[in-house]
Amino acid sequence: MPILDYITVSFLVIPLIILVLNNLFSKQFVERINFKLVGVVAILQMALAVAGFSLLSAAHWEDYRFSLLWDWTMEEAGYFAVNSLSLVFLFCIGFVLLVAVLVAKATVEQRKTAFVNLVLTLLLGMNGMVMVRDLFSLYVFLEIVGISSFVLVALFQLETGLEGAFKYLVMSSLATVFILTGLAFVFMQTGSLQYAQAWADWLSVQGTAQLYTYLAFILLISGFALKTGVVPFHSWLPDAHQSANTAVSILLSGIVIKVAGIYGFIVLTKLFPGFPPVALALRILGLLSIVVGALFALRQTHFKRLVAYSSVSQMGYILLGLSSGTTLGFLGAMVHIFNHATFKSTLFTNAAALSAQAGTLELGELGGLEKKMPVTGFSSITAFLSTAGIPPLAGFWSKLLIIMALWKSEAEGFAAVALLASILTAAYFLRLQKKVFFGQLPEKFGAVTEIGGSVKFAELMLSAVNIAVGVGFPLILLFFEGRGLL
Amino acid sequence: MWFCLGSVINLPGFGWEIMMLIIGFLLIIAGAYCIIRTYHLLKIIIGMEIAMKAVTLLIILAGLVNGNLALAQSFVITIIVIEVVVAVVAAGIAVSLYKKYGSMEIRNLRKLKG
C-alpha cells in the first residue's frame with residue numbers, strides 16, 4: 001500500500017526537512033516562524049499516526065516494513081517497521097511536542113534557533129527509536145535522544161541547568177555501557193541483532209538458562225532502568241527535570257523517559273519471553289519506584305522537583321503493568337503512558353504559568369493563588385485527581401487496568417500495594433495544592449494575574465483531553481474489545 | 001573458576017577469549033571506579049570513555065566468537081563515532097561549569113538537592 005509508505009517515511013523525513021529549513025534562512029526570519037513550524041510538525045505527526053493506525057488496522061496487518069533509500073528485502077538488511085505499538089508512541093510524541101512548543105513560546109526567549117534544532121533532533125531520535133527493528137539501531141537512536149536531551153537541559157547556561165545536564169550525562173553513559181555490554185552477550189550467542197532473528201535464536205539458547213543469560217538480562221535491565229529513572233536508578237531524574245527549562249521538562253518527563261526507557265523494557269520483555277526473573281525484576285523495580293518515589297515527593301519544596309518525583313512514582317505503575325505479561329496489563333501500561341503524558345504535561349505547564357506570573361516555584365513562598373489564577377488552579381486540580389486515580393478522570397482507568405492485570409496474574413500483594421500507594425499520590429499532590437493554590441495569599445502576590453496566550457491554551461487543551469479521555473474511556477474499552485484484546 | 005567463566009560465553013576451557021573477557025570487565029570496572037572515586041569533571045569524562053572503550057572490546061570479542069566479525073567491526077566504528085559526540089558534549093558542559101565556578105571540582109555541584 002503506497003500511501004502507508006509515504007506516511008511512515010514522513011515520520012523521519014519531516015523533522016529532517018524542518019531541521020534544514022530552520023538553518024537555511026536568516027535568524028531574524030526563522031525565529032518568527034520556527035515555533036509555529038514545530039507546532040505544525042507536531043499536529044501533522046498526530047494526524048499521520050492516527051491515519052497510519054486506521055490503515056494498518058483496516059488491512060489487519062501486524063506491521064508495515066519500509067526503508068528510506070535502500071532495498072530492505074535483501075537478506076540481513078536492516079529496515080524500519082511500524083506496528084500499532086509504535087504508532088501509539090508516535091501519537092504520544094506528537095502530542096507532548098505540541099504542548100512543549102506551546103509552552104516554549106512563553107518560556108524560551110533566547111537561543112530559539114538552537115532550541116528548535118535540538119527539539120527536532122530529539123523528535124527524529126524518538127521517532128526512529130520506536131520504528132527500528134534491530135537492537136543496535138535502537139542504541140543509535142537512543143543516543144540521539146540522549147545527546148539532544150543533555151544539550152537541551154544545559155542550553156541556557158544556568159548553573160543549575162549545567163549541573164543537571166552533567167549528572168544526566170554521566171548516568172546516561174553508564175546506562176549505555178550496561179546496554180551495550182548486554183547487547184554484546186546477545187550478539188555473541190545469536191550472531192544477529194535484528195529483533196525477529198535475535199529473538200528466535202536467543203530463545204533456543206535461553207532454553208538452557210546459563211550464566212550469560214542472567215548476565216545479559218541484568219545488564220540490559222539496569223541500562224533501561226537507568227534511562228527510565230526508576231528507583232534505585234533515579235538520582236539524575238529530579239535534578240535534570242527540575243533544572244531544565246520548563247518546556248524541556250515537559251518533553252523529558254512527558255515522553256523522553258518513556259521512549260528511551262519504557263520502550264526499552266517492552267523490547268526486553270519480548271527478548272526474554274517466559275524467563276521468570278523478568279516479571280520479578282519488573283515488579284520489584286515498579287513497586288520500589290511507586291513507594292519510594294511517592295515518599296520522596298512528599299518532602300520536596302520545589303514545584304518541578306515534586307512533579308519529577310511523581311514521574312518516578314508513575315513509571316512504577318507502567319512497569320507493574322508490563323510485568324503482568326498479559327494483554328490486559330500491556331494495554332493498561334500503554335494507556336497509562338498516554339495518560340501520564342497528559343497529566344504530567346499539565347503539571348509542568350502549570351509550573352511554567354506560576355514561574356511566569358508569580359516569579360517563584362518554591363512551595364514555601366507560594367499560596368492562595370486559586371482566585372488569582374483560576375485556569376491554572378483548575379487544570380492543576382484535574383491533573384492531580386487524574387494522577388491519584390480518582391474516577392472518572394483518565395488516570396483512574398489505566399490504574400484500574402494495571403491493578404486488574406496484576407490481580408489476575410496472581411500478584412495480589414503487588415496489586416494491593418499499588419492500590420494503597422494511590423493514597424500517597426493523593427497526599428503529596430494535596431500538599432502541593434494546599435501550598436500553592438489554597439490558604440492565605442501573600443502580600444506580594446496581590447497583583448498576580450492569570451497567564452494568557454499559548455500557555456493558557458495548553459492548560460485548557462490538556463484539561464479537556466484529560467476529562468474527555470476519562471469520561472469517554474468506555475468507548476476505548478469497547479474498541480479494545482472489538483479488536484479481541486480484552 | 002575457569003570453567004565458570006567459560007560458561008559465561010559458552011566456550012570450553014581456558015583460552016585467550018576468556019582473557020579478553022576478563023580484560024574487558026576489568027576495564028569497565030576501572031572506568032566505573034574512576035567515575036565514583038574522582039572529584040574532577042574531566043577525570044569523570046575519562047572514566048566514562050575508558051568504560052565505553054572496554055565495551056567496544058567486548059563487542060569485537062562477540063564478533064570473534066560467533067564468526068560475524070565484519071558486523072561487529074561496523075558496530076564498533078558506529079559506537080566510536082557516537083562516543084566522540086557524547087564526550088564532546090560532556091567536555092562542553094564541563095568547560096561551561098569551569099567558567100561558572102572557576103574550578104573543575106565536582107563538589108561545587110550542590111545546587112540541586114533533596
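In which helix of chain A does Ser222(A) lie? Ser222(A) belongs to helix H8, residues 211-228, and the points below start from there.

1. **Ground rules.** This is a predicted model, in which local features need pLDDT of at least 70, side-chain atom pairs count only at pLDDT 80 or more, and totals for chains, interfaces and linings use all residues. Residues are numbered from 1 along each chain as its sequence is written, chains are lettered from A and ligands numbered from 1 in the order in which they are written, and side-chain values use heavy atoms, with hydrogens and water left out.

2. Helices here are DSSP runs (H or I, at least four residues), numbered from the N terminus. Ser222(A) is buried, at a relative accessible area of 12%; buried means under 20%, exposed over 50%, and partly exposed in between (1.4 Å probe, protein chains only). A polar atom of the Ser222(A) side chain lies 2.5 Å from the backbone oxygen of Ile218(A). Leaving aside residues up to four places away in sequence, Ser222(A) touches Phe178(A) and Phe233(A), where contact means heavy atoms within 4.5 Å.

3. **Two cis peptide bonds.** One joins Val231(A) and Pro232(A), with omega about 5°. Pro232(A) sits in the loop between H8 and helix H9 (236-243) of chain A. Another cis bond joins Pro391(A) and Pro392(A), again with omega about 5°. For Pro392(A), the place is the loop between helix H14 (374-388) and helix H15 (394-408) of chain A.

4. Gln157(A) has phi near 60°, a positive value in a residue other than glycine. Gln157(A) is in the loop between helix H5 (135-154) and helix H6 (159-190) of chain A, and is partly exposed at 31% relative accessible area. Glu410(A) also has a positive phi, near 60°. That residue is in the loop between H15 and helix H16 (412-436) of chain A, and Glu410(A) counts as exposed at 67% relative accessibility.

5. **Salt bridges around Lys167(A).** Over all chains, a search of the whole structure finds 7 salt bridges, each being a side-chain nitrogen of Lys or Arg within 4 Å of a carboxyl oxygen of Asp or Glu. Glu163(A) pairs with Lys167(A), with the closest N and O atoms 3.1 Å apart; both residues lie in H6 of chain A, 4 residues apart, about one turn of the helix. Lys167(A) also meets Asp239(A) in a salt bridge, at 2.9 Å, N to O. This second pair links distant parts of the chain, Asp239(A) in H9 and Lys167(A) in H6, 72 residues apart. Glu163(A) is buried at 0% relative accessibility and Asp239(A) is buried at 5%, whereas Lys167(A) is partly exposed at 24%. Together with Arg305(A), these residues are linked in a network of salt bridges.

6. **A salt bridge between two loops.** Lys444(A) and Glu365(A) form a salt bridge, the closest N and O atoms being 3.7 Å apart. Lys444(A) is in the loop between H16 and helix H17 (453-471) of chain A, Glu365(A) is in the loop between helix H13 (327-357) and H14 of chain A, and the two are 79 residues apart. Lys444(A) is exposed at 57%, and Glu365(A) is partly exposed at 36%.

7. **Nonpolar cores.** A core here is a set of buried Ala, Val, Leu, Ile, Met, Phe, Trp, Tyr and Cys residues joined through side-chain atoms within 4.5 Å. The largest has 202 residues, and those with the most contacts inside it are Phe115(A), Phe265(A) and Leu369(A). Helix H10 (residues 246-271) of chain A gives the largest share of this core, 17 residues. Apart from it lies another core, of 11 residues, including Ile290(A) and Leu406(A).

8. **The interface of chains A and B.** Here 47 residues of chain B contact 44 residues of chain A. The two chains bury about 3,900 Å² between them, 76% of it on carbon and sulfur atoms; this is the accessible area (1.4 Å probe) lost on putting the two parts together, summed over both. The rule finds 1 salt bridge across the interface, and the side chains of Lys111(B) and Glu159(A) meet in a salt bridge at 2.8 Å, N to O. On the side of chain B that touches chain A, the largest share, 16 residues, comes from H4(B).

Technical notes:
Polar contact = N/O pair within 3.5 Å; in protein donor to acceptor, adjacent residues only side chain to side chain.
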